[in-house]
Amino acid sequence: MPVRPRSAEEIELMRHAGRILAECHEEVRGFIRPGVTTLELDKVAREFIERNGCTPSFLGYEGFPASICVSVNEEVVHGIPSEKRILKEGDIVSIDAGTIYKGYNSDAARTWPVGEISAEKKRLIDDTKAAFFEGIKMAVAGNHLYDISAAIEKYAKDRGYGIVKELTGHGIGQDMHEDPMIPNYKPIGTGLLLRAGMTFAIEPMLTLGTARIRWTDDWTVVSADKSPAAHYENTILITDGEPEILSLIGGCL
Ligand code: MG
C-alpha cells in the first residue's frame, strides 16, 4: 500500500497511543533492577497499557507470547519475557513495546542499564539513542526517507558500531508494520519524498561488535559475536517543520 499522510483525526489517535507508550516505558524503567525477572517487566507493561485504555500490540502478534520484548545484553531484539530470566548488575536491557488506541499504533524501544554498567555499555546506549536523534534531524517534509537512514548510518559508522542490517524501521499507522521498510543504512537522497502527515517508526539497532546476527529461537535475535547490543525507537510524525516524536514525553526536538 502506498504511504499516505494521515488525517488530523488519525494523528490525534496515534498521538494518544504514543503518549501511553512513552509513559509505559517510564513505568517499566522504574522496575528495572538486579533480581527482577523479564516476565515481571512484561506484567508491569501489560497492566499499564491496559489500565490506560490501550491494547499491547505485541501480544499475539504473529504468535508472539508476551506484551513486550525484553532483550538482554547480546540480544538485539525480540527477547521473550521469562520467569527464568533474572536481570543482574551490569546487564543492559532493551524494552520494545507497542500500543494500539482505537485502531492506531505506536511502537517504541528503549535500552536501560541494570545497576552499574561498564563505560562501553553506557556509551553504546547513549550513542544508539543519539543515532536516532541524528536520523530524525533529516525527517523533514521535502527530504527523502533514506536521508534518515544515511544519517543514522554515518553516526554509527563514525563511532565503530555494528549496524544491524536485517532488521529495519517501518511505516506505522493502522498496522504496526506498514510499508516502507526503513533500514539504518542507505545512500542519501534516496527513498520516498517525505510529506507532512506521514508516520514512521525509526529504530537504530547497534552492537559493540559485529553487525551480523543470528536467531537463538523462533524470535530472539542475538549479535553473532555475542557483543552487547542496544535498540532505541520512536514513532514519529513528519510535519511542515521539525518532526514530532509521538512516543516520547514532550516529543518535539
Ligand atoms: Mg518497530
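Pro 65 is placed in the loop between strand 1 (55-56) and strand 2 (68-72), where strands (E, at least two residues) are DSSP runs numbered from the N terminus. The model is a predicted one, in which local features need pLDDT of at least 70 and side-chain atom pairs count only at pLDDT 80 or more, while totals for chains, interfaces and linings use all residues. Residues are numbered from 1 along each chain as its sequence is written, and side-chain values use heavy atoms, with hydrogens and water left out.

Pro 65 is exposed, at a relative accessible area of 51%; exposed means over 50%, buried under 20%, and partly exposed in between (1.4 Å probe, protein chains only). Apart from neighbours within four places in sequence, Pro 65 is in contact with Leu 59, Ile 80 and Trp 219 (contact: heavy atoms within 4.5 Å). Pro 228 is 163 residues from Pro 65 in sequence, and their C-alpha atoms are 24 Å apart.

The magnesium ion has as protein donors Asp 107 (OD), His 170 (NE2), Glu 203 (OE) and Glu 233 (OE), at 2.1 to 2.3 Å. Donors are N, O and S atoms within 2.8 Å of the metal (3.2 Å for Na, K and Ca); water is not among the atoms, so sites may look incomplete. The donor residues follow the spacing D-x62-H-x32-E-x29-E. Glu 203 lies in the loop between strand 9 (199-202) and strand 10 (205-207), and Glu 233 in the loop between strand 13 (229-231) and strand 14 (234-237), so the pair ties together parts 30 residues apart in sequence. Glu 203 is buried, with a relative accessible area of 6%, and Glu 233 is buried at 0%.

Methods
Helix = DSSP H or I, 4+ residues; strand = E, 2+ residues; numbered from the N terminus.
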